[in-house]
Amino acid sequence: MLNWLKKFTLSLFSDKAALGSMSGGFANILLTSFLAVALMFFGIFAGKTVTFAAHYGGAGEFREFVCNAFNGADGAKPIKIEAENGGADITCNGEGVLINTLANEKDKANYFVNGYHFIVDSRNVSEVYDDFEAYCVKGTEEISYADYLKLDEGARAQYRFAVRYTGIQKQITDADTAAYKQYLASVKDDKISAQLKEIEDNKPQLSAQDYNNSVYELYLKAYYPDLYRATGESVPTLRGYYYGLTLKAEGKYFCLFGDMVTASFKSYSAGTIVFGGLYKDGNGLSADGANSAAAVDGFVKNIYYQSLSMMFLMDLTGSISVIVITELIIVGCMLLCFAISKIKQHTACNTFGKCAKLVASYAHTAAFIAAVAAVLFGFVLTGEAVALAAYAALAVIMVIRTTVFMLRVKNQPQTADDNSDGVTGLRTDLI
């Protein structure tokens, strides 16, 4: 066991340990490959996240903007935030708050500081429908969706469906619902008819608003079949509206909503930090206009770090790129080892299986070093640049180790003592 552990941990640094690992089974390849992927994933995740405090602390202009906003910028009334039950009660003098420096000049005069935009909507914007406008475009030509439906199939094929958010809440009246039902009744689609029947059957258990919303959602599905493709939402909401606005803010904004927070700022490293999160109970700010810089900093950091578990799960579900790239680097080095062995005519590395065992013996150790490097890179890089740097570090370590090993280890007549590692035709009296 001790002998195996030495080979398992020292192969990256010891030629003799690397040679000895070639006598092991293929299970070691699976084990080290799994460890390499896991280490790279955790290293990249840590490099992107745990360094947030350093980037935020060095973003003086963003911190000044946030502190100014929450303390009643330029005579504007300060905002009170009370977080509970996964949401926040955002008020100003006991009333809901609506601030938008990207759409309101008065708000811009009060809150636009250091190039940063401030958006506050005390509603749960992901649940508030936007009174959007649908249209179709062909080049620079734009027509209404109603006019688009009057065209024949050939003419329709030349147009692209699009949506224009208004930022105005959609109010669904009973009269609207009646009109939607009338349209749905005329649709010759068995699935739509079945869903409408289900809504009608469940009507006694629904509130009036929920019933109207359900009919409206089904109407949109039937009337605008390309809606989701154009917006990424089955029903356009204010969240989609605000998302579109942030794209115009050039990576400098802070959005505060009743159900979530999202922000973006320029780091001292010249990169952009984009983050968001949910509210945790007790993480709020007072309305006395005297929130200290430490209190504001604490609020922002808590929003970020208290959402790490959600961020981890999101990264985990999207970890296919880490698996693919890490394994490609490992397999690439196995091929490099095999190519060099053919050129140098190594007798003990003359099959791909043996080369695979050799490279796999130090893949996990190289990944550990690359993971540590990813955390360090996180202090000077941001976003996907951290991942790219980590992959580059892994590739460099693996290629150098493989090349150095193949150049240093030479074919040599075997002695009885040399055969203790189960490898023939190679020197084992190495470091």
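**Exercise 1. State which helices each supply at least two residues of the lining of the second largest pocket, then describe that pocket.**

Step 1. The helices are α10 (190-202), α11 (208-223) and α12 (227-231). Helices here are DSSP runs (H or I, at least four residues), numbered from the N terminus. This is a predicted model, in which local features need pLDDT of at least 70 and side-chain atom pairs count only at pLDDT 80 or more, while totals for chains, interfaces and linings use all residues. Residues are numbered from 1 along each chain as its sequence is written, and side-chain values use heavy atoms, with hydrogens and water left out.

Step 2. α11 gives the most to this lining, with six residues.

Step 3. The second largest pocket holds about 270 Å³ of space. It is lined by 17 residues, and E217, L218, L220, K221 and A222 are the closest to its centre. (A pocket is an open set of points on a 1 Å grid over the protein atoms alone, where a 1.4 Å probe fits, with protein on both sides within 12 Å along at least five of seven lines; lining residues have an atom within 4 Å of a point.)

Step 4. By class, the lining of the second largest pocket has eleven nonpolar, three polar and three charged residues. (Ala, Val, Leu, Ile, Met, Phe, Trp, Tyr, Cys and Pro count as nonpolar, Asp, Glu, Lys and Arg as charged, and the others, Gly among them, as polar.)

**Exercise 2. Describe the largest pocket by volume and lining.**

Step 1. The volume of the largest pocket is about 1400 Å³.

Step 2. Its lining has 49 residues, with Y243, T262, V274, F275 and M314 nearest the centre.

Step 3. Helix α13 (residues 238-246) gives the most to the lining of the largest pocket, eight residues.

Step 4. The lining of the largest pocket divides into 28 nonpolar, 15 polar and six charged residues.

**Exercise 3. Classify the packing of α3 with α17.**

Step 1. α3 and helix α17 (residues 352-377) have axes 8 Å apart, at an angle of about 10°. (Axes are lines fitted to C-alpha atoms, for helices over the stretch in contact, and angles run from 0 to 180 degrees between N-to-C directions.)

Step 2. α3 is therefore roughly parallel to α17. (Angles under 35 degrees count as roughly parallel, over 145 as roughly antiparallel, 65 to 115 as roughly perpendicular and the rest as oblique.)

Step 3. Residues in the contact include I29, L35 and L39 of α3 and A360, H364 and F368 of α17. (Contact means heavy atoms within 4.5 Å.)

Step 4. The contact of α3 with α17 has 16 nonpolar, four polar and one charged residues.

**Exercise 4. Classify the packing of α3 with α16.**

Step 1. The axes of α3 (residues 27-49) and α16 (residues 320-344) come within 9 Å and cross at roughly 130°.

Step 2. The two helices, α3 and α16, are therefore oblique to each other.

Step 3. In α3, I29, S33, A36, V37, M40 and F41 meet V322, I323, T326, E327, I330 and M334 of α16.

Step 4. The contact of α3 with α16 divides into nine nonpolar, two polar and one charged residues.

Key: Grid points are joined across faces, edges and corners, and a volume is the space filled by probe spheres set on the points.
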